[in-house]
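Good morning, and thank you for making time for this.

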Amino acid sequence: MNCLADIPYDEWEGLIRLAFTAVLLAIVLVLSYMKRIGIGKDAALSSARGFAQLMILAIIFTYIFDSPDWLLYTWILFIAMCILAGYTSARRAKQIPKAWQITTPSIVIGTSITLIIMLLTEIMISRPEFIIPLAGMAFGNTMNLCSLCLNRIIGEVKNNRARIEAALALGATSDQAIDPYIQTSVKAAMIPSIDSIKTLGVIFIPGAMAGLLMAGTEPLVAAEYQIAVFFMIFSAGIITAITVSSLARKRLFTEAHQLKFIG
Amino acid sequence: MTFIKLESVGKKRGKRWIFENVSFDIQRGDIIAIVGESGSGKSTLLRCINRLTEPTKGSVLFEGKDIRTYAPPELRRELSMVFQFPAIFPGTVEQNVGYGLKLMGKRSEKRVFGAVDDVGLDRSFLKRNAEKLSGGEQQRVCLARSLAVGPKALLLDEPTSSLDTKAARKIEQTVRALRETHGLAILWVTHDIGQARRMADKAVVLGKGPIKGSVNIGEVDGGELPG
């Protein structure tokens, strides 16, 4: 079978191939200019930035994959991913002061538990080529889900402030008063993941499966791996959502079960 | 023993005191109106009494003990509060009225019936969707919900200001009857001096400096207040 792994790689040829794909970017720029959509500059700058980031990542990966110290580098990469994901997610929750203190542990807990299970069950092979991309997928998805969940909690609390205070005034604890809104928020944050699973293989071929197929893996194996990836994303997502909502509720109330003001 | 006692209570927002040095007593069976201009802190003062808001200074005693010594949920069941706008929970009237009882893990049917009877709601309302009732009916549901938990005092934060005159008068009649039947202490926040005179025996007027005790309602100069 002809697959990417069978094609001999030459750096210059690779760059030339990449230059040809820039034709696709040119289409974006030309259409944007002709139709006055106004995204030309953004598209060009984003593409340049994306190109640089991916190239740097590829160089780092090449080094890590070949290094005898790959485990140390993988840990360093994990820590960087955790911090970056935590801060990025916290930016969506400006109403909660120092929100990174709740987003970062939530993302770490959700992602770590699932990755450990993947390792222990040997779904994920203990090699950097497997661990790093899978961890990247898990971190990226939990980060988005964490932002969605936290954002929704803040919205629910703002919109239902009167009901929450009415519940407190009737003797509810802060947990009891906010519970219905936490449930709604976790559910809402999980909906995109549920929808993705529903349409799996029907509307789109997901990234991991597409990558494995191009690399020459048997379609059945690629499908199995993709399903495992989705379960990983799903479970990491729900653990993160529940953790972040649990930590957020402590930030939204005082110890005397008083609802704090959120701007 | 004084039922509820406020001692030099003050609340600051940012650098500004909303009110400062407010002291007065409430006995069982009292109806005290808290009046004052908009922004004088009437609602905030009420919230300080059941600890929905923490006072910046001073203390509130309930049955001789500082309210900070009570678990807040327990305190709020004793000093139950009804808000200006009815905050109805999704569900039926029965579920709304039984909400506080369910939290306490108590069987609720008898007390729910008692509470809806007390506020003059027909029992046929119990299975109706509470969110689809009129404003006046919703406020009655809120009042019944507060009564169902068996409070010793009611803190009413402008409970009729979002209602028309007819619905407002019905709530007034109900609250007066509740004082007679349950011996509740009632604190009624209003910006309407006419309503304060109809409802209360005494008043606390915020916005005029330190408060040292409530005054007889007849002594309140209505000209200085809106309404």
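Let me begin with a definition: two strands are said to pair if DSSP finds at least two bridges between them. With that in mind, B:Ser80 stands opposite B:Leu154, which belongs to S7(B). Please keep in mind throughout that this is a predicted model.

That residue pair belongs to the contact between S6(B) and S7(B), two parallel strands joined by 4 bridges. Helix H6 of chain B, residues 135-148, packs on the sheet here and touches S6 and S7 of chain B. The direction of H6 makes about 170 degrees with that of S6(B).

Now to the sheet as a whole. In chain B, 6 strands form an open sheet in the order S6-S7-S8-S3-S9-S11, and the pairing is mixed. Its edge strands are S6 (79-82) and S11 (215-216) of chain B, each of which pairs on one side only. Another helix, H7(B), lies across S3 (31-35), S7 and S8 (185-189) of chain B. H7(B) runs at about 155 degrees to S8(B).

Between strand S7 (153-157) and helix H7 (165-182) of chain B there is a loop, and B:Glu158 is located in it. This residue is not a glycine, yet its phi is positive, at about 45 degrees. Is B:Glu158 buried or exposed? With a relative accessibility of 11%, B:Glu158 counts as buried, the limit for that term being under 20%.

I turn to the other sheet. It is also open, with 5 strands of chain B in the order S5-S4-S1-S2-S10 and mixed pairing. Strands S5 (65-66) and S10 (211-212) of chain B stand at its edges; each has a single partner strand, so one side of each lacks a neighbour in the sheet.

Within this sheet, S1(B) and S4(B), the latter covering residues 57-62, run antiparallel and are joined by 5 bridges. Among the facing residues, B:Ile4 has B:Phe62 as its bridge partner in S4(B), and B:Lys5 stands opposite B:Leu61. B:Phe62 also has a bridge partner in S5(B), namely B:Lys65. S4(B) and S5(B) are antiparallel, with 2 bridges between them. Their hairpin has 2 residues between the strands, and B:Glu63 takes a positive phi near 50 degrees there.

Another positive phi, of about 50 degrees, occurs at B:Ser8, which is likewise not a glycine. B:Ser8 lies in strand S1 of chain B, residues 4-13. Its relative accessible area is 32%, so B:Ser8 is classed as partly exposed.

Finally, the nonpolar cores. Which residues have the most contacts inside the largest one? They are A:Leu252, B:Ile4, B:Leu6, B:Phe24, B:Leu45 and B:Leu187, in a core of 91 residues. Helix H5 of chain A, residues 128-159, gives the most to this core, contributing 14 residues. Leaving aside residues up to four places away in sequence, B:Leu187 touches a set of residues including B:Phe24, B:Ile32, B:Ile49 and B:Leu154. There is also a second, separate core of 41 residues, with B:Val35, B:Ile88, B:Ala167 and B:Trp188 among them.

Note on methods
Residues are numbered from 1 along each chain as its sequence is written. Chains are lettered from A and ligands numbered from 1 in the order in which they are written. This is a predicted model: local features need pLDDT of at least 70, side-chain atom pairs count only at pLDDT 80 or more; totals for chains, interfaces and linings use all residues. Side-chain values use heavy atoms; hydrogens and water are left out. Buried means under 20% relative accessible area, exposed over 50%, partly exposed in between (1.4 Å probe, protein chains only). Contact means heavy atoms within 4.5 Å. Axes are lines fitted to C-alpha atoms, for helices over the stretch in contact, and angles run from 0 to 180 degrees between N-to-C directions. A nonpolar core is a set of buried Ala, Val, Leu, Ile, Met, Phe, Trp, Tyr and Cys residues joined through side-chain atoms within 4.5 Å.
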